[in-house]
Amino acid sequence: MNKVSISALELCSMMLLFLTGSTIVVGLNFSAMEDSILAIAMEVGFGIILFYYYLLLLKRSSWLEFIPLLKMGFGPFLSKVLAVVFSFYFLYIAGRVMNDFAFFTTQLLYPDAPNWIASIPFLLVVGYCTMLGIEAIARSAVIVTFFTFFILAVLWLLGFLSEEFQVQYLFPLFSQGWEPLKKMIFPTGLTFPYGELVVFLVLLPFIAKKEKLQKIVWIPIVSAGLIVMITMEMVIGLLHAPFANTYYFPFVKAMELVSYLGVVEHLEIFTYLLLIGGGFMKVSVFLYAAQVVLTQLFKLKQKNWHVLFLLVAVYLLSLHRSDDIAEHLYVGLKLVPYYLHIPIQFILPLILGVVVFWKTRKKKSVQG
């Protein structure tokens, strides 16, 4: 695969949308009550450390593509098995994000529409952009990021200045000790969304100007954390943390309360636009990464029909969905982190890193 020309702004935009994705709409966690923003701040620090580890791993391996990197760490046979595992993981998470979109659409906007129909237009747009390649996805990210920031700025302004916003709801901080923070961070906060950056192990080797990566990749991670923290503070101020934690879509509920003079109301519709933009980027990145892994594995040139095949796979995976939003969120936040996220985001990259560092050190000692 040829090197792609992605600017620093495009990469940061892509990572920012990937991290916020469905997080600010369906993934807000208020289990630590008023201290939830403290947990997010700690998660941001972890996200930076984790991504720089991925970056160091690639740099140490001389920026090997994903399949050669797996072969270096796990050998020719096991690397093929793990390549299939990683590609399935990317497709499965893409299906879960698509389900977030489908449940949100059918729960709040079109209650009479079945989920399987709501997913189709979303997938068609994702598929078209993926066929155009990672450069098209990255350039789309810049445009979507601009509108995302604009919508968020308007919602924050109206939310914080609303008469329903109560500053006292934000306090006291750190009143319940470390236990709620630990429960919020481990494992869900570590794996979602920052651990999902493991997908960039597939994409970063193709970026032409790698020397800039180390200087800029912390920016979207910190920015995403700040966006989530500001949004959570606004939601807590509008709903109060104990009540915010009872809603499936707390951001949406908070925006329903905001109105001005009986004219400016129903602001929750704008959260749908945020979900479309972020969800589109997240599914596109996962879908493209799965295509890259499988074409490298079977030594094929990337074709448009590959994307169509993977779209069908994502759609079929999404049909094996939970019966309702409660079960969907339970599986995504309680089961998936233990059985999928931790092994794929942490254990396998850690083993891979140990082997790569040992082999490269051995080569350097031989050369010396």
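Residues are numbered from 1 along each chain as its sequence is written, and side-chain values use heavy atoms, with hydrogens and water left out. Because the model is predicted, local features need pLDDT of at least 70 and side-chain atom pairs count only at pLDDT 80 or more, whereas totals for chains, interfaces and linings use all residues.

**The whole chain**

Begin with the protein chain in a cartoon view, where you will find 15 helices and zero strands (DSSP runs numbered from the N terminus, with H or I over at least four residues for helices and E over at least two for strands). The radius of gyration is 21 Å, close to the 21 Å that the globule rule gives for 368 residues, so the chain is as compact as a globular protein of that length; the radius is taken over C-alpha atoms, and the rule is 2.2 Å times the number of residues to the power 0.38. Along the principal axes, the C-alpha atoms fill a box of roughly 70 × 45 × 35 Å.

Of the 368 residues, 55% are buried, where buried means under 20% relative accessible area, exposed means over 50%, and partly exposed lies in between.

**The core**

Next, select Leu 11, Met 14, Phe 90, Phe 200 and Leu 204, which have the most contacts inside the largest nonpolar core, a set of 129 residues. Helix α4 (residues 66-109) gives the largest share of this core, 20 residues. Such a core is a set of buried Ala, Val, Leu, Ile, Met, Phe, Trp, Tyr and Cys residues joined through side-chain atoms within 4.5 Å.

Centre the view on Phe 200 and show its contacts (heavy atoms within 4.5 Å): leaving aside residues up to four places away in sequence, Phe 200 touches Leu 11, Met 14, Met 15, Phe 18, Phe 51, Leu 58 and Pro 205.

**The salt bridges**

Now turn to the charged side chains, among which there are four salt bridges, each defined by a side-chain nitrogen of Lys or Arg within 4 Å of a carboxyl oxygen of Asp or Glu. One of them joins Glu 10 and Arg 139, at 3.5 Å from N to O. This pair links distant parts of the chain, with Glu 10 in helix α1 (residues 8-20) and Arg 139 in helix α6 (residues 134-161), 129 residues apart. Glu 10 counts as buried at 13% relative accessibility, whereas Arg 139, at 41%, counts as partly exposed.

Move on to helix α7 (residues 179-191), where Lys 182 and Glu 179 are three residues apart and therefore separated by about one helical turn; their closest N and O atoms are 3.5 Å apart in a salt bridge.

**The nonpolar patch**

Finally, select Trp 116, Ile 117, Ile 120, Leu 124, Val 312, Leu 316 and Leu 319, which make a nonpolar surface patch of about 650 Å². Patches are made of residues with over 30% relative accessible area and no salt bridge, with nonpolar side chains (Val, Leu, Ile, Met, Phe, Trp, Tyr) joined within 5 Å and like charges within 9 Å. Helices α5 (115-132) and α14 (304-319) each supply at least two residues of the patch, and the largest share, four residues, comes from α5. End on Leu 319, which sits in helix α14 and counts as partly exposed at 41% relative accessibility.

Notes:
Accessible areas come from the Shrake-Rupley method with a 1.4 Å probe; for residues, only the protein chains shown count as cover. Buried means under 20% relative accessible area, exposed over 50%, partly exposed in between (1.4 Å probe, protein chains only).
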